[in-house]
Structures are given as C-alpha cells and as structure tokens.
Protein chains: 2
Amino acid sequence: MRYSALFGKTIKDAPKDEVSKNSKLLTRSGFIRREVSGVYNFLPLGLKVLKKIADIVREEMNAIGGQELSLTALQNKESWQKTGRWKTFRALMKAKTQLETEYPLGPTHEEVIVPLVKQFVSSYKDLPLYLYQIQTKFRDEKRAKSGLLRGREFLMKDLYSFHAQEKDFNKFYEIMKKTYKKVFERLGLDALETLAGGGTFSQFSHEYQVITDAGEDEIIYCPKGDFSANAEVSPVKEGEACRLGHGPLKKSKAIEVGNIFPLGTKFSDAFGLTYKNKEGKDIPVIMGCYGIGISRVMGAIAEVHNDAKGIIWPKEVAPHDVYLIGITNNESRIKERTDEAYDSLKKAGLDVLYDDREDAAPGAKFADADLIGIPIRLVVSKRNEGKIEFKERKSAKSELLGLEEIIKKFKA
Amino acid sequence: MRYSALFGKTIKDAPKDEVSKNSKLLTRSGFIRREVSGVYNFLPLGLKVLKKIADIVREEMNAIGGQELSLTALQNKESWQKTGRWKTFRALMKAKTQLETEYPLGPTHEEVIVPLVKQFVSSYKDLPLYLYQIQTKFRDEKRAKSGLLRGREFLMKDLYSFHAQEKDFNKFYEIMKKTYKKVFERLGLDALETLAGGGTFSQFSHEYQVITDAGEDEIIYCPKGDFSANAEVSPVKEGEACRLGHGPLKKSKAIEVGNIFPLGTKFSDAFGLTYKNKEGKDIPVIMGCYGIGISRVMGAIAEVHNDAKGIIWPKEVAPHDVYLIGITNNESRIKERTDEAYDSLKKAGLDVLYDDREDAAPGAKFADADLIGIPIRLVVSKRNEGKIEFKERKSAKSELLGLEEIIKKFKA
C-alpha cells in the first residue's frame, strides 16, 4: 500500500474529546475515528489490526473444536422476558421501529444461543458443543471515555460451551484457561488469569487482566505471577504474602481483556434446555461462556505498547510488516531504488506500507513511522548508498543491510 | 469436518412460518435459523457460505483500488437531521437507551462516511477515494417473508466513491459495471445489468437483477441479453422489439442483488464536503455508491440453484468442496477405508464434510448430501471395492475412480 493513497492519514493532535491514551494514539495515527461517544469507525489501518486480532482468536477457538456461527443483533424480546433480563439488564439498548416494535439489541447472546441449541440437542450424544462468534455487541455504558476500552458498540468473541456433566465442563474450563493464556501471548499482552466473582451465575469466574493505570478494575496480584484476584473478591490484601510465601502482594489497576465464566444451568433452566441421558432421563445442560473483547484488546495493546513517539505494535497484530521510506531529495535514482525495494519486498510476500509522499520532509516521514508503529522501518537514501537502513520500532539502534539480507531476516 | 460433530443438522420439514423457497431450503439443510421475522442466525455451514461470498466481493473491490473500513451501526443523530433523513427514512430503526438517548441504527452509511471523508479531504490531490465495508445493516422492512431476500438485519457490501470531476466519476461507474458483472459471474448468478430510476439523487441508476418468480421487482428484458430495465422506468414494453431489433421483450419478476448509483453532490452539499482545485477554489465532491447484498446473494443462489432434492451450490461459494460418505454396514474395513480417504483428501487441501454417522442409513446420508448441496459427493462402499464413487451434485451420472484420480481431478 502506498501511503499517498491510503485513507486515514496521521494528524498532529487528537480532538479534545479523546481523553484516553489509546484513543488519542489511535486517532492521531489514523486507525480509528469516533462517530459518537463510545462508538468508533475503523479506518483501513485500524480494521487490519482488528482483523488480525480476530483471526488469532478464531484460530485458537477452532483448534479446541470451536464451531463458528453468527448470531443476530436484533433479538427476540420474549426470550429476554423469559430470563427476566428485559427489565433487569441496565445496559440493554432497544431497537425501535416507527410502529414501536421493540427488539433487544444484543449486548450478549445467551438469549439467542440457548433456544437455538435447544432445537438441535436431545440426546447426550449431541454433547458437548463449543459454539462461538466474533460479532458486534451493543451496550449502553454510562461512561464511555476510555476509547476502545469501553465502547457502546464493540467487537467481541463469545464462545458458549454445552456439557452433559459437570466434570466435562470442568475439563473444558481448564482447556480454556490454557487457550486464553496462549491467545494473549500471541496478541502480545501480558494478561494475568485473575480470580473474580461469579455474579448471580456461579461462585467464581476468571478474568484476564492487563496491568495499566488506564484500567477500570483493581486487582491484587503476586509479582512472581502465582496469584491474581479482582480486588472485589480477593481473599488476601495488598502487602500480604501469597500462598506460596512470596510477597508482598501488589495492588494495581487493570483492563479486563477476557473472561471465562461457569453458567451452570441458569440459562438451560430458563429455556428448558435438557438432554436425555443413557437411561432416557431428562437432564439440564451445563453451560460455560468465554469472552474476549476484540476491539478492547486493540485498545489495550495501544495503551500498553507505546512510547512518547507513538504506538509499538506487536508483530502478530501490526497493520503491516514494514514501513518503507525513501529519502529522495527529488533524485530519481533514489526514488527508483525505493520503488524497486517496494516491489521486491511485496514479491517476497511482505505487507509493506510505502511512504511514497513527495511533499513530505524526511522528518515528517520518520515521525509518522513512529506514530503508526509498524514493527520494522526501512529507509532508502543517498547516504545509505547500496544498502537499506533497517530499524525495529522498539529499538533505538539501526543497521545497514542489503535487500536480500532483509528478506532473509523476515523469512527466518 | 465430521458431520456427527457438526452443529446444525438437517431437518425434514421447515417450520410453517418459513414460506420462501430459500429460507425453507436453508433452514432444512441447517444453514440458517430465524431469530425473529426477517432476522436470521447463520449456523456454521451458513456462515461458511456467507464468508465465501463476502471474500469474493472483497477481492474484486480490492482489485479496483477499494479500501476496506468498518463504519458504525450506532450513528450520529445530528448527521441524519442534517440530511433530513431522521424524519423521512421510513425504514430507519432507532436504538434507544434507558435514558432515552436515541441513535440511528445504520440502514445505510452516507451520514457516516461523508463527514468522515470530510476530515481527510481538502485538496484535489486527496481524490479519488474508493471506500467500502462489508457490514450488518438494519432496516424495518414492512414485509419480511422472503427469507434472506429481504431482511430486517442483513449483511451488505457498500462502496462509496469520491471524485473531483464528473468525468472521473463516469469512468469509475463504468469500471464498476464491469466489476459487478465479474463478481456475479464468480458467484454463479446470472445477474442482468438493469436500468433503474435515480430516486431523488439522479436521473438513473443500475440494478443487478436475477430472474426468478421469488423476486419482488419486475423487469423488462431482451432474451438476447442486450437490454434490461426495471418495469417502473422502462422506456419500452413487454412484447416490443429491443433497440437492436431483437424481440419480443419479456417481462419477469427478479431479485435485485446489487445496485450502482450516482449520488452527485447531494450528500457532499449536505455536509459541505468540498476540495480545493488547482486554482484554490472550493468545489463540491462528486459521489457514487455501489451495493451488493451479501446475505441476499446467498438467498438468491439458494432460490435459483436447486432441485426437488435440495440446494446445488456453485463451487466457489459451497460450504465444503466434498461430501464424503462411507456405506460401512458395520464393516470396520470400509470404515477404515473411508477414514483414510478423509485424511488423504484433507491432506490434499480439500475441505471435506465427512458423513461419519454410524446410526444413519445410506439413504438418509444420500438425501442429506443432496439437500446440503455440496458440489461433489464421494461414496466408499463394499460394492465399489477399491474405488470411490464420484458424483457431481448437479449431474445424475456417477463414475468409479481411485483416490489419486479424484485428487488430480480437483487440482485440475
């Protein structure tokens, strides 16, 4: 992609109503634009990152037998009345037609998936089932000043598991813990598995918390990594020792980027979702649900991976592999060399953002490269005669390499 | 994928409230399930088809320089008041919070994209721009009895083009005509480029119409293929000759699967979207918009590609490449051979739906293969000793082939 043609150029200052670090950075760098408070448009660079995050999550959900489907945003009012949440779910928005028909506008999908699964499950042979979607959700958040961290419209992966027996559920819950660990590692996030409350559903749940001052949650955790609990339910306090004798435990703000949740038979009971066991007896299905905030993850990455110059994307979710700059000073020879490098890199399978602007000063190009945060910056210039300057975004050092060496480096 | 584990099995009869052919077929075969009238959940097989359609459209939009972004469903009420459509757009749904804040729930995205583009366009150098998204739209359709053909929530590709001059727009409009022709060919749809009215925006537009009795539009067309117009605006009547002297012109019902539309400066004027020309003068930007109903295309394909036994998916959008059946009669040798065939086909890169059910009779498996409509059916059985029966869904004939021959056939 040539930067000159890219929709969504950088700007110097974010609008004043962007107060969070993530929305300031992502707005300045041309990844997102606010539509209304808590609701963001994703520009081409932003959508690329969002899709990469979604694809990593999708891969890992498929790897454990998850089947992807797509549930509706407009839902069935009767189902919400059945669970009682039509009246009690504060953040529920309602889509209204001119004739005053009202639809629940999906903030979550238990009311859709349980009646759906009921159509297909009758015997123990139909279980277990692991069903997920990556879909837009709507919630009327009271405060929506945290950019992508808390949106009124946001992208989420939600998986629902259906089991015949408690022990099957417990096994799968542990598999999910491992899978979430892997997912967040791949996403470049240090997310602590954190004990949390179970609300009205169960005794406990687990959250995946990324430590940062921008977080809205508070956790108590062991710096050695063997304990973390949401401060609301933590059995121990800041300053105490953890169970393994480490300490002192710390307290910090954190962003919840995912959660896993035993649902028991709460929703199965509401909709009469049962299966026949081997003896022909009707038994309620046991459920769990497992969320990852896809757009929130993008916000969390921007929030924790940055410096004074801009974002520093982890490789796996970066919008491009390489940011290529030519310092041409109107010399056609340098421009040709940069064009050639662009073609060769593309041929080698690399996804290059080529800053081909003729009216931008070298300093402006370097500043934009840093702001946008693509992991590798390459510079062709007269000074680097014959070689290309190779610099990682996260490092201050650079080296001069030949094009072939650079391509080899990427393939390694 | 093993059919035994697949979520979304076939059923014998569709529920009575599914009255359209496409929703009956897609419901029976386990591709979709209605949530509320005009709103469908996509089960794993259905989502696969939907994604394949979207990917083909995406490829062709990228090929002509389209840049993908993602605009919001919750929109800005002020923008809709600016264009006057807050009051006049009958099908607009409004998302309401408990505090009675109202958001327009996107039935279309001019009110989002024009103010967005205005943030980035100032000079003629910033044009042209071709921006598109593949996104869920919401419309309060009065009648929603046509399955995926007319939904209250549906998936759509909408591209918006922005030009400095009328002649640039005209050129791009012709490029889009060619691109749409190619898209619908790849999707296996015979879609006629059809002259249509321009509404309040322009003198004319073009629709892409697929002839079928299930359609809600009426077109007048030349059987030789050189003329088609929406009956509402056709300058000629059924039975007359076309301009090339062919005839008689026919009249038919048809489904509009796409449209392309000159918008002129209607929306640019509403939002003050202008650019500075070389002389520094402010000139309003000229726009076009170009839609394809992704979920409607899926409905249209089911509507026109079927027989008494079920759906016949065109290869490019089929949920799997192959439907594999073993007629084992509880012989472990045949089961092993079918398992081996499954593994080999997968290794060869084919996407196989393996009907591994042990409790289903051969007749039931054949019936499901026909209903689901995957292009190729393979049968391993004792009778076919050493060979595999290869049958195309659209053909009545079959042949016996070795596994290697079959794999070669696919690669050809």
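1. The model is predicted: local features need pLDDT of at least 70, side-chain atom pairs count only at pLDDT 80 or more, and totals for chains, interfaces and linings use all residues. Residues are numbered from 1 along each chain as its sequence is written, while chains are lettered from A and ligands numbered from 1 in the order in which they are written.

2. The contact between the chains (C-beta atoms, placed from the backbone, within 7 Å) draws 43 residues from chain A and 43 residues from chain B. On the side of chain B that touches chain A, the elements giving two or more residues include strand E1 (32-36), helix H2 (44-63), helix H5 (110-118) and strand E6 (129-138) of chain B. Helices (H or I, at least four residues) and strands (E, at least two) are DSSP runs, numbered from the N terminus.

3. By class, this side of chain B holds 22 nonpolar, eleven polar and ten charged residues. Nonpolar covers Ala, Val, Leu, Ile, Met, Phe, Trp, Tyr, Cys and Pro; charged covers Asp, Glu, Lys and Arg; the others, Gly among them, are polar.

4. Strand pairing, for which DSSP must find at least two bridges, crosses from one chain to the other. Strand E4 (residues 93-96) of chain A runs antiparallel to E4(B), joined by three bridges. Here Lys94(A) stands opposite Lys96(B).

5. Within chain A, E4(A) also pairs with strand E5 (residues 102-105), antiparallel and over four bridges. Met93(A) has Leu105(A) in E5(A) as its bridge partner. Five residues lie between the strands of this hairpin, where Glu100(A) takes a positive phi near 70°.

6. An automatic or database domain assignment divides chain A into domain 1 (21-307) and domain 2 (320-411). The centres of these two domains of chain A, taken over C-alpha atoms, are separated by 39 Å.

Methods
Contact = placed C-beta atoms within 7 Å.
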